[in-house]
Structure formats: structure tokens, C-alpha cells
Amino acid sequence: MRKKQFKTQSKKMLEMMINSIYTHKEIFLRELISNASDAIDKRHFRSLTDTALGLDMSAYKIKLDADKENRILTVSDNGCGMGEKELEDNLGTIARSGSLDFKSENESDEIDIIGQFGVGFYSAFMVADKITIVSKSLDSEQAYCWESTGADGYTVTPCEKDDIGTVITLHMKEDTENENYSIFLEESKIRELVKKYSDYIRYPITMMCEQPIQKEDGAEDAQPEFELVETTLNSMVPLWKRNASEVSEEEYNRFYHEKFFDFEDPLAVIHTKFEGTTNCNILLFIPKKAPFDYYTKDFEKGLQLYSSGVLIMDKCADLLPDYFSFVKGVVDSADLTLNISRETLQHDHQLKVIAKAVEKKIKAELKKMIKNDREKYDTFFEQFGRQMKYAIYASYGMKKDALMDLIEFKSSYEKKYTTLEEYVTRMPESQTAIYYAGGKTIDKIDMLPQTQAVISKGIEVLYFTEDVDEFTVTMLGNYNEKPFKNVSDNDLDISREEEKEEIKKENDDQKSLLAFMKEKLGDKVEEVQFTNTLDSHPVCLSTEGGISTEMQKVLESQPGMEQAIKAKTVLEININHPVAQKLKELYGKDDEKVEKYAKILYSQACLICGLPVENPTELSNLVCDLM
Ligand code: ADP
Ligand code: MG
């Protein structure tokens, strides 16, 4: 039996297409310019083997012309043109791409053709109610005119045209309450759209634009006169496609200012090519300062994604991991499998491969900066470091391999930023852990008895002044097999063996005194102990288990977390302080006084580590009693 061919309901298809494929009407111009560029590519390619067909390279161009009065926009090119059959085939059949055929017929690295789906042209019907095309093909003496008002079909008739190429005339729709079509006839809008979508089309896109007439005597005129001058609207050669060695710092900076609206120069530029199953050019910038909304929900990360010089996505978020969300830049690849609207990609895995490459490059650049320009890295870290620390925490430590060498903390060693690697390198062999102390400022941390105790033993302490710091290292667990230890941890392990023995014996001997004090303090503390690590301070609060008092403060400040897990605190009393002697004397003789001492000492310890005193009146009365 003879098979019957499916017939497309062209009319329905066209309507569907026109109204449902594209999110933005404005892309019609991108599509027409891309087609013109493809047509010039084809003509140039043909001329490689048949020189009579070509033009001088500098003569190729795409011309735009807006006639507001008659509501007409024309896009002309001197590309390969279309004959009668091609007009029928390519523009009379939806989803038929002459460009795709051309690409498959002419295998060559030289061709970087944009078209492939055979639908882009019809997007012009989103803004025009009638389209007229006059075209003369390379292969025919006769020119033809294609005309259509959209769904009703089209006509093709012979007509006059002198030179090879195509002129597309759009009769723009009338404005409605909701839609402003006139805007596409404005010079400023056209310039904007060309810049946005077609800036890197490699042929000049020109338009007659108004420019002030230059007076011969050079005098400035209060009311300058204007003349129409043919102006090129696109920059043509994308910076990222040039060789990194040929681009000056000044050019990078200018490009960055214009494209990413930053007044400052970038802190670093990464310009490279990635070659793999998907080839691409990558140009990235690390800004000097975080944008004002960087640490808010409003901030949108992403890189610009181009395919063959045409903008596909303005902020492609999938190209950047959250912890490098500060990076701005451009990725351009001719190999992307685009979806039909050319607004997104069909296959995620291409993006994933590129994203991996991007991440690697950024990481390498930052590591290089740590090594070669430490001060620069510190300024960078000051701006964006929190994001990376947060990522380690928020990923439950899964991102730690990527990030642990990039994070920094201020340190008691020279009071500067240090990386964990640097800290570990400075550690004496006998030191078993990486010590840190938390607090609002470095000065406040320095005042803590425990910090002083550790530093006085010659041990370097990291200052955790940001909320996220301690949570981050809790997720890291350890660095280079060295665990992190809070200086206020109960089993600090910085004393000599004899010292440890001594205090253990003391605590055993005074068991009942300590138990009495613990009983009087109730569940405020887990335990009361004597210690011999505090220099001259009478007391401190240390913690047992994973939650420190600093973490408790952060957790309590989160909405809904007021009842969060509390730190398990231990009240430590300095055995070498007169107050310890006094307690021992009083116990058994005047227990009421011991109870008062215990309460005062606990309140003092709270004050020192920045925890609120629960009952200030009681404290004040107790002190007065004893006075
Ligand atoms: P695509 O560009 O994806 O192939 P379009 O709908 O944009 O699809 O265009 C359909 C076809 O029409 C193109 O493949 C090309 O063969 C032809 N065409 C469109 N515009 C031009 C032009 N300005 N010059 C020559 N051929 C063109
Ligand atoms: Mg096209």
C-alpha cells in the first residue's frame, strides 16, 4: 500500500509558532540579523571556490533602516540571496532550514553558521503584519519577491533587483493598549537590541544615524545641526575570541565596565579557551567589590552565554557554582545544542561540562593569587570570602575539597589573614590541633582568658569573628588530619603531662566542694572544675561537645531558633587564684557563702564570654552582701 504523507496545517503551525516559541518579541531582530549573517557567510564560502561570486571582504554588510512615518523596518544584506525555489522551500515551509542543509553539505571548520531550525524568520510576524522580501540569488539573473501577511499564505513573483542579496521589509503592526510596536522603529531601541543580541556578528550592521555636524572651525555650537551618517552599531570581533596575548589590560577593563556596569576595574581577568567535546571561549572577571545586593536574595548569579557570537542567555546560572557567584563573564560556544527558541539549551550535560571547566579555571586563578599576590587575595577575600565559607557549611561539607584551600581567617600570628595550609605549616610538631577562638572582634577575643592561656603557650590562634566561621570548620572536621579546637573547649590538651596529673588530683580531692557548687548552680552548667591553664584570670566558661557558646549565640539569633540547643558549659575556676583557696577554706564552714561565690563566679564567667547575665539584680545583691 502506498504510504500517505503527513501534511502540516501550516496555518495553525505558523500561528502556534509565532505566539508560543519566544518569550520576547524583540528577538525578531536577532533572528533576521542572524539570517543575514548566515547568508553572507554562505556567499563568502561559495566565493572561495568561485571568486566571481564574492565581494571584497570589507564590502559585506547588513543594513538596517527604520521609516517611522510609514512604519517600515528593513533589514538588507548582500549575502547569497534566494532564488524562486529557495524562497518556496525555505520560507514557504516551516521548520525547513536552508542553513542546516548548507552546513551538512559543506563540511568545513570555516563555517560558523547560526541557523538550524528553520523557524527564526517567522518570529518577525510577532511584530509585523506584512513582510515583503526581495531577493536575488547568486545563481539566478532574475530577482523574486516573496510576500506574506502571515497565516494566510504567501506569494512569490518575479521582480527587479540589481545586486545579489536580500531586502526584508517589515510592515510593523499598529500599537495596541498592551503592545508598543513603534518602539522597534526607534533608533535607540534598535541600537540597544543590536548591542544586546548581535554585537558580535562578524559583519558590520549599519544604520543611518543622526550625528551633530562637525563645524569646520571646530567651534562648539549651542544648537548643533544634525546630519544622517551611516553608523556601524556592532563591535563585531568579540574580545573573548581574540588571543589573550593580544588583548591589553585597558581593553579588558573597558569591556568589563561597559558590559557589567561596574565603575571599578576588575580585580582579576580570566581569559581562556576550553577544548573538549564542547569547545568554548571563556572570559571571566572577578570584581573588586561585592555589589550592594550581593549578600541578599535579590542577587542573581550567572554568566552570559553566547553561541557563535549571538547572545542566548543573559544570566546562565548553571554555569557558576554558588560559591563563585561573584564572578561575571561570558562563555561562547559554537557547539551548543540549542532549543528551538534559541533561548536555552537542549542538553544539560554540555552546560555541566562547561560549568566544570569554568569552576576549575576560577579555582586555579584564586590559588594563583594566593601564591603570587597575597594582598590582592586578602582584599578579594574580605569581599567574597563569606560566600565560600557559607558554601562549605551549607553543603554539609561536601564542597570542602573545592574550597578548604581558598578560605582564610585572621590569626594571632601577625594579626593577618592566613590560610589553613599556612597555619598548619607553621605548627610545631608537638601541636595536635588547629586552635581558634570566637567573638565579635579580635580585641574582644584577645581579652578572653582562654585565648590568652593558649597564646601564652606559644600557640597560634585563629580569630573567628564571623558568624559562619565556627560552623564552617565544624563541617570541615579537620584540615590535613589536624582537628579544629575551640580554645574554650573543655579538654583543650595544651598542658604538660605533670600539669595534667596535678589538676586531675586536685579535682578528685575537691570532688565534694565542686559537686556542691554544681548543685547550687543547677542546670546552668554541666560541671564545675578547677583548672591550671588560666594565667591570672579567676574563672572562665568552657564547653563540652560540639556546640560552643559562640555557636549558641548565632543559633539563638535566628528567627524560630530561640530555643535552640544550648552549649554544654563547664565553669572552670583557676586553682592558682586566691579565690580557689578561699572556696576550699569556706567549704564545710560557711556553705551559704560558697553558694554565693559560685553564683558570682558563674555570672562573671558569662560576662567575660559575652553571654547575658540572667539575673543582674541578684548578682548585684550578692556582690553587696559579700562586701
Ligand atoms: P534557520 O535560520 O534556523 O535556518 P529561518 O526561519 O531563520 O531558519 O530561516 C529559514 C531559511 O531561510 C534559512 O535557513 C535560509 O536558508 C533562508 N534565509 C532566511 N533569511 C535569509 C537571507 N537573508 N538570505 C538568504 N537566505 C535566507
Ligand atoms: Mg535563522
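**View 1. Thr569, a buried residue of strand β22.** At 6% relative accessibility, Thr569 counts as buried, a label for under 20% relative accessible area with a 1.4 Å probe and protein chains only. Thr569 sits in strand β22; strands here are DSSP runs of E with at least two residues, and helices are runs of H or I with at least four, numbered from the N terminus. Leaving aside residues up to four places away in sequence, Thr569 touches Lys524, Val525, Glu526, Glu527, Leu541, Ser542, Thr543 and Thr549, where contact means heavy atoms within 4.5 Å.

This is a predicted model, in which local features need pLDDT of at least 70 and side-chain atom pairs count only at pLDDT 80 or more, while totals for chains, interfaces and linings use all residues. Residues are numbered from 1 along each chain as written, chains are lettered from A and ligands numbered from 1 in written order, and side-chain values use heavy atoms, without hydrogens or water.

**View 2. Helix α18 and its packing partners.** Among the buried residues of α18 are Val594, Tyr597, Leu601 and Ala605. The buried residues of this helix pack against β22 (568-574), as well as α15 (511-521), β21 (539-544), α17 (578-586) and α19 (616-626). Just after α18, Gly610 takes a positive phi of about 80°.

**View 3. A six-stranded open sheet.** Let's follow its order: β15-β14-β17-β16-β19-β18, with mixed pairing; two strands pair if DSSP finds at least two bridges between them. At the edges lie β15 (417-419) and β18 (478-479), each pairing on one side only. Strands β16 (residues 434-438) and β19 (residues 482-486) run parallel, joined by three bridges, and Tyr435 stands opposite Lys485 in β19.

How values were computed: Buried < 20%, exposed > 50% of the residue type's maximum accessible area, 1.4 Å probe, protein only.
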